[in-house]
Amino acid sequence: MAMMTGEEYLASLDDGRRVVAEGEDVKDLASHPQFATALKLVGEGYDRHHRPGPDASGPYFKIPRSPAELKDILELLLGWDMVTVTTSQGLLALLTAAARIRPASAEYARRIEDYFAHCRDNDLRCVQAITDAKGDRRVPPSGQDDPDVYTRIVERRPDGIVVRGAKLHISSAAVSHELVVMPTKNMKPGEEDWAVACAIPVNAPGVTIVNTSYAPREREADFPVSSRHNMPEGFVILDDVFVPHERVFLAGEIEHSATFAHSLGLWERLGGTAHLAEYGDTLVGLAQLIAEANGTERVSHIREKIAEMVIYATLVRGALEAAIANAEASPEGWYFPSELYTNAAKHYGAAEFSTMVRHLHDIGGGAIVTAPSISDLEHAEVGPFIRKYMRTKDGVDGEYRTRLFHAIRDFTADAYGGWQLVTMLQSGGGLYAQRLVARKHYPMDDAKALARKLAGLAGD
């Protein structure tokens, strides 16, 4: 097989998949406005990376074999579309799971490696389907009044399994090729049917993807960020989907049910931290620009807020570097980021992100959400008045300042900004999960030894 071009990627989506958007079945993704930007971004990525030859493959299929290679991948992914980023992180998460379960199940590990090769050789894009509907959160999967609220095996056949359930918050599922299904949590004895991990083509019979989007529907000039960068969000329904054995990576082994979620969490948190580092610098830049445009850059409390934002951006990037520098090798020679530093970095970056956004809003002022539209700015009669009153000083005309306000609103205070606030918290499993993993991998014995030494209890 060979790498696909953007045109070939678009053609590959015409495969009979069932996609629903805004209450209607979508027969042609390419012609539907909700998917236009996503398809353009992914298609351009295919064209940008395309190389001829049967053995060619994209850099998003590279397996890091040193901390330096891991750093290279992270730097590259900041320029990829979300689908390609998700593919890279998801497949590396699968390989991480393979390394961890290999001692107990070499067969599952082999299937994962074969699946990785299948995606690489066919230049496919895949998304990770992990979050279940969950029903009543107080009740475990086996105690729910509807057993399907956690994805489960409903039939075991000689040639495979049949699964049923739903997976929520699956970004870009409708414009990808594969769904990598995995348990959302650790399963206990009696919950073997819910301990299932497998790969399912998006066009498999029984798969339906219901989509929402934060993309602007109109006035694209007022949305300089989200009009150019958006992806559909998928609510994935699995209605008795057959999965052949070669695509099954876990089928009842509860002792490994959390392995996939932990592996995915590690890579999602690493990628999320990389984006948080970039976003931190972006927030600093927006804060400094709008302060200068407003003429308030020398006001003490604004200088202090920007200084705090600078420290935030620097610490997130420093923790990201630590996660890479302390990367650990698997027996196969694959390098995975440090669990401790990755989780600590993602937790800090996510927990403080909203505070940095609040500082930006405090610095910018109310015009972030009330600035006239670009269409109003271009109006023959009122446009000159808008330019007159939005201007502040030499070098800062009304249009410049208006456009800057729109960028801040779109990036932090409108549909895309709201999506980012929630996503920064929830991506990779949420703050509580990151605290648990960080505590688990923290060298507590070393810390206790230092404390005993300080207290004169070293020999106790």
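**View 1. Ring pairs join five aromatic residues into a cluster.** Tyr-214, Tyr-279, Phe-411, Tyr-416 and Trp-419 are linked by ring pairs. The model shown is predicted. A search of the whole structure finds 12 aromatic pairs.

View 2. How is an aromatic pair described? It takes the distance of the ring centres and the angle of the planes. A search of the whole structure gives 12 such pairs. In the pair of Tyr-279 and Phe-411, the centres lie 5.6 Å apart, and the planes make an angle of 85°. That angle counts as edge-to-face because it is over 60 degrees. Distant parts of the chain are linked here. Tyr-279 belongs to helix 6 (residues 257–294), and Phe-411 belongs to helix 12 (residues 398–412). The two residues are 132 residues apart. Is Tyr-279 buried or exposed? Tyr-279 has a relative accessible area of 15%, so it counts as buried, the cut-off being under 20%. Phe-411 is buried too, with a relative accessibility of 8%.

**View 3. Tyr-416 and Trp-419 form a stacked pair.** Their ring centres are 5.8 Å apart, with 15° between the planes. The pair is stacked because the angle is under 30 degrees. Where do these residues sit? Both are in helix 13 (residues 415–426). They are three residues apart, so about one helical turn separates them. Tyr-416 is buried, and Trp-419 is buried as well.

**View 4. Two arginines lie over ring faces.** Arg-125 lies over the face of Tyr-46. Its distance from the ring centre is 3.9 Å. Arg-409 lies over the face of Phe-223, at 4.6 Å from the ring centre.

View 5. Ser-172 has a relative accessible area of 0%, so it is buried. Which residues does Ser-172 touch, leaving out those up to four places away in sequence? They are Val-83, Val-127, Met-231 and Pro-232.

**View 6. Residues 259–456 carry a domain annotation.** UniProt, in an unreviewed entry, places the feature "domain: HpaB/PvcC/4-BUDH C-terminal" at residues 259–456. How much of this stretch is helix, and how much is strand? Over residues 259–456, the chain is 78% helix and 2% strand. The end C-alpha atoms of the stretch are 41 Å apart.

Conventions: Residues are numbered from 1 along each chain as its sequence is written. This is a predicted model: local features need pLDDT of at least 70, side-chain atom pairs count only at pLDDT 80 or more; totals for chains, interfaces and linings use all residues. Side-chain values use heavy atoms; hydrogens and water are left out. Buried means under 20% relative accessible area, exposed over 50%, partly exposed in between (1.4 Å probe, protein chains only). Contact means heavy atoms within 4.5 Å. Rings of Phe, Tyr and Trp (its six-membered ring) pair if their centres lie within 6.5 Å; planes under 30 degrees apart count as stacked, over 60 as edge-to-face and the rest as tilted. Helices (H or I, at least four residues) and strands (E, at least two) are DSSP runs, numbered from the N terminus. A charge sits over a ring if NZ of Lys or CZ of Arg is within 6 Å of the ring centre and within 35 degrees of the ring normal. UniProt positions are given in the numbering used here, feature names are shortened, and annotations may be inferred rather than shown by experiment.
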